[in-house]
Amino acid sequence: MGIYFSPLLCSQEPAAPNEIERMKAKYAVEHSIADMTPTVCAAAGIRSPKTAGANKIDAVLTGIAEDFEGRSAEKVFIYCGDCIGDILLQNHPEDFEACLREADSVILSTNVMKTVTPVCFATIFCGAGPEVHGIKVYEKPVVRAETLFDVFLEAGKKVAIISQAGNSVITIFRERNIDYLDFPTDEEAYEKSLQALKENDYDLIVLHDCEYDTIMHQFGTESEKAAKAHRTVLDRWLNVVKATDEAWKNYDRLVLFVSDHGSHTPDGSSNGVHGMDIRDDAVVNHFYRWRAGQGK
Ligand SMILES: [Zn+2]
């Protein structure tokens, strides 16, 4: 006789909602940061990672299919703007005007708990939540779940991750056939990404820019220094867009600005923080911008 599992007993245990769905429901936001991976994979004509459970963004893919006349994106640049929450856009709409004009699609998205960088970028590049990739707190182990990087490499794409040394993205996606280009500062990493574009070395470039995150932790989210830092990050993205229009003009191309989490300054504090399950930390925007190659 085997052990008898009562179907009634099983159905009485409420299934824990997965973290992505819980956050989408809590903040009444249709999309999750995890939607990026299946969306970019579909745009590039590449399969999604096996454990990616997030949704493709139809509005983005329909626009791309029209403008590329059914072709796939050949080149992709993903600008990881750390800590640029929707709250920044709400508080400083004038600073985002140029970016919003440049973007073909802006996707309001929730992240997952804990709202810190390695948890959120693992979610973004796996297209799945912490239950799948395993990072639930601020730690930087190598992610073993299949990622956007793995399926791009499988498809024969050449990939670079460019970052200040030691930051999350360049650390948790190690041990892959990726060029890991690290630098002492965010600015040097950004400059390298422009050079890599000029030299047309890569099919996928991921740049991680933590300038705003670093400054807002030190001086608070509404400090003059933090405002200057978020403007710097947004200006860099606009320059990257311009650089892709030159270097990749003959390619069908996709340029994103994706953020991991927002932040807030607690009452009476002069330091910015994040990591809580509150709207300021949990809701971000992802910008998608695409252009067909010249003469295609
Ligand atoms: Zn931070």
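These are my notebook entries on what I looked up in this predicted model.

**Ground rules**

I worked from a predicted model, so to speak: local features need pLDDT of at least 70, side-chain atom pairs count only at pLDDT 80 or more, and totals for chains, interfaces and linings use all residues. I number residues from 1 along each chain as its sequence is written, and my side-chain values use heavy atoms, with hydrogens and water left out.

**Entry 1: the overall fold**

I began with secondary structure and found 14 helices and eight strands in the protein chain. These are DSSP runs, numbered from the N terminus: helices are H or I with at least four residues, strands are E with at least two.

Next came overall dimensions. The C-alpha atoms fill a box of roughly 70 × 50 × 35 Å along the principal axes. The radius of gyration is 19 Å, which agrees with the value near 19 Å for a compact globule of 296 residues. I took that radius over C-alpha atoms, and the globule rule is 2.2 Å times the number of residues to the power 0.38.

I then checked burial: 55% of the 296 residues count as buried. Buried means under 20% relative accessible area, exposed over 50%, and partly exposed in between (1.4 Å probe, protein chains only). The accessible surface comes to about 12800 Å², and 51% of it belongs to carbon and sulfur atoms. These areas come from the Shrake-Rupley method with a 1.4 Å probe; for residues, only the protein chains shown count as cover.

For contacts (heavy atoms within 4.5 Å), I looked at pairs at least 6 apart in sequence, and 73% of them join residues at least 24 apart.

**Entry 2: charges and salt bridges**

I located the mean positions of the 30 positive and 46 negative charges, and they are 4 Å apart. Lys and Arg count as positive, Asp and Glu as negative, while His and the chain ends are not counted. Each charge is placed at NZ of Lys, CZ of Arg, CG of Asp or CD of Glu.

How many salt bridges does a search of the whole structure find? I got 23, a salt bridge being a side-chain nitrogen of Lys or Arg within 4 Å of a carboxyl oxygen of Asp or Glu.

I looked up Arg71 and Asp252, whose closest N and O atoms are 2.7 Å apart in a salt bridge. Arg71 sits in the loop between helix 4 (58-67) and strand 2 (75-81), and Asp252 in the loop between helix 13 (224-247) and strand 7 (253-258), so this pair ties together parts 181 residues apart in sequence. Arg71 is partly exposed at 27% relative accessible area, whereas Asp252 is buried at 1%.

Then I turned to Glu102 and Arg291, which meet in a salt bridge at 3.9 Å, N to O. Glu102 belongs to helix 6 (residues 93-102) and Arg291 to strand 8 (residues 283-291), so parts 189 residues apart are tied together. Glu102 is partly exposed at 25%, and Arg291 is partly exposed at 28%.

Asp245 and Arg289 pair at 2.8 Å, N to O. They link helix 13 to strand 8, 44 residues apart. I have Asp245 as partly exposed at 25% and Arg289 as buried at 3%.

**Entry 3: Ser193**

Is Ser193 buried or exposed? Ser193, in helix 11 (residues 186-199), is buried, with 0% relative accessibility. Leaving out residues up to four places away in sequence, I see Ser193 touching Phe77, Ile162, Leu207 and Val240.
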